[in-house]
Amino acid sequence: MEYYSLASLRRNYRWHNDISYTDMLIRAIKIAPGNSEHMGTVTLDYDGRFQRRRVMRSNEGMSFLLDLEKTTHIQPGDSLILEDGRRLLVIAAEEKLLKVVAHDSQHLAKLAWHIGNRHLPCSVKDGHLLIRHDHVIAEMLKLLGGEVEEVSAPFDPEGGAYGHGRTHDHKHSH
């Protein structure tokens, strides 16, 4: 998946009469459940699935402007709906992750608590956890008795408190 900053496009692709490159692109304006026909696919990593406005390229090579009303978490399997009605299926990209295994369910809960206490995104699976690769966190988890293995897999962590997606924008004090 290629990303282009809008600023670099504006600098490098000025057209006559002050029309920018982004004005020439078809826009993806909505997100919907991916349950119908798609004209193509777009593979996005975890960060790439939390966007509002960005130039993207489909897996088939079509450039388009993601132009949503607000920053939104896009789920794997969702459809990006283009302004002409065509749809692109969103696929979660494989990412460098850590698979964390514990010796029992209580130990796994303890490891999950330490991950959550550091506000790290975490995917809870049957018998293990998946987190983004971080050598410091890997060492901490090993010191706590966890088995840590580097893996490559799509990353779709648990949503935030009260089911509201990402957790980075909450306010509280410690």
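Tutor: Start with a definition. Two strands count as paired if DSSP finds at least two bridges between them. Keep in mind that this is a predicted model.

Student: What makes strand 9 and strand 10 a pair?
Tutor: Count the bridges. Strand 9 and strand 10 (residues 128-132) share four bridges, and the definition asks for at least two. Therefore they pair. The sense is antiparallel. Within this pair, V124 stands opposite L129 of strand 10.

Student: In what order do the strands of the open sheet run?
Tutor: The order is 9-10-8-11, four strands with antiparallel pairing.

Student: Why are strand 9 and strand 11 called edge strands?
Tutor: Strand 9 (122-125) and strand 11 (147-154) each pair on one side only. From one strand to the next, the twist averages 30°.

Student: What holds paired strands together in general?
Tutor: Backbone hydrogen bonds, in either a parallel or an antiparallel arrangement.

Student: Which strands does helix 2 touch?
Tutor: Helix 2 (residues 105-117) packs on the sheet and touches strand 8 (94-101), strand 9 and strand 10. Touching here means heavy atoms within 4.5 Å. The direction of helix 2 makes about 20° with that of strand 10.

Student: And where does helix 3 lie?
Tutor: Helix 3 (residues 135-143) lies across strand 8, strand 10 and strand 11. Helix 3 runs at about 135° to strand 11.

Student: Now the charges. How do you know that D67 and R52 form a salt bridge?
Tutor: Compare the distance with the cut-off. Their N to O distance is 3.8 Å. A salt bridge needs a side-chain nitrogen of Lys or Arg within 4 Å of a carboxyl oxygen of Asp or Glu. So the pair qualifies. D67 sits in strand 5 (residues 63-73) and R52 in strand 4 (residues 50-57), 15 residues apart, and the pair links distant parts of the chain.

Student: Why is D67 called buried?
Tutor: D67 has 15% relative accessibility, and buried means under 20%. So D67 counts as buried.

Student: Is R52 buried, exposed or partly exposed?
Tutor: R52 has a relative accessible area of 31%. Exposed needs over 50%, buried needs under 20%, and partly exposed is in between. So R52 is partly exposed.

Student: What makes E139 and K142 a salt bridge?
Tutor: Their closest N and O atoms are 3.7 Å apart, and the limit is 4 Å. So this pair passes too. E139 and K142 both lie in helix 3, three residues apart, about one turn of the helix. E139 is partly exposed at 45%, and K142 is partly exposed at 42%.

Student: Which residues do shared partners join into one network?
Tutor: R27, R52, R53, D67 and E83. The structure holds eight salt bridges.

Student: What does the whole protein come to in helices and strands?
Tutor: Three helices and eleven strands. Of its 174 residues, 37% count as buried.

Key
Residues numbered from 1 in each chain as written. Predicted model: local features only at pLDDT ≥ 70, side-chain atom pairs only at ≥ 80, totals over all residues. Heavy atoms only, no water. Helix = DSSP H or I, 4+ residues; strand = E, 2+ residues; numbered from the N terminus. Axes fitted to C-alpha atoms, helices over the stretch in contact; angles between N-to-C directions. Buried < 20%, exposed > 50% of the residue type's maximum accessible area, 1.4 Å probe, protein only.
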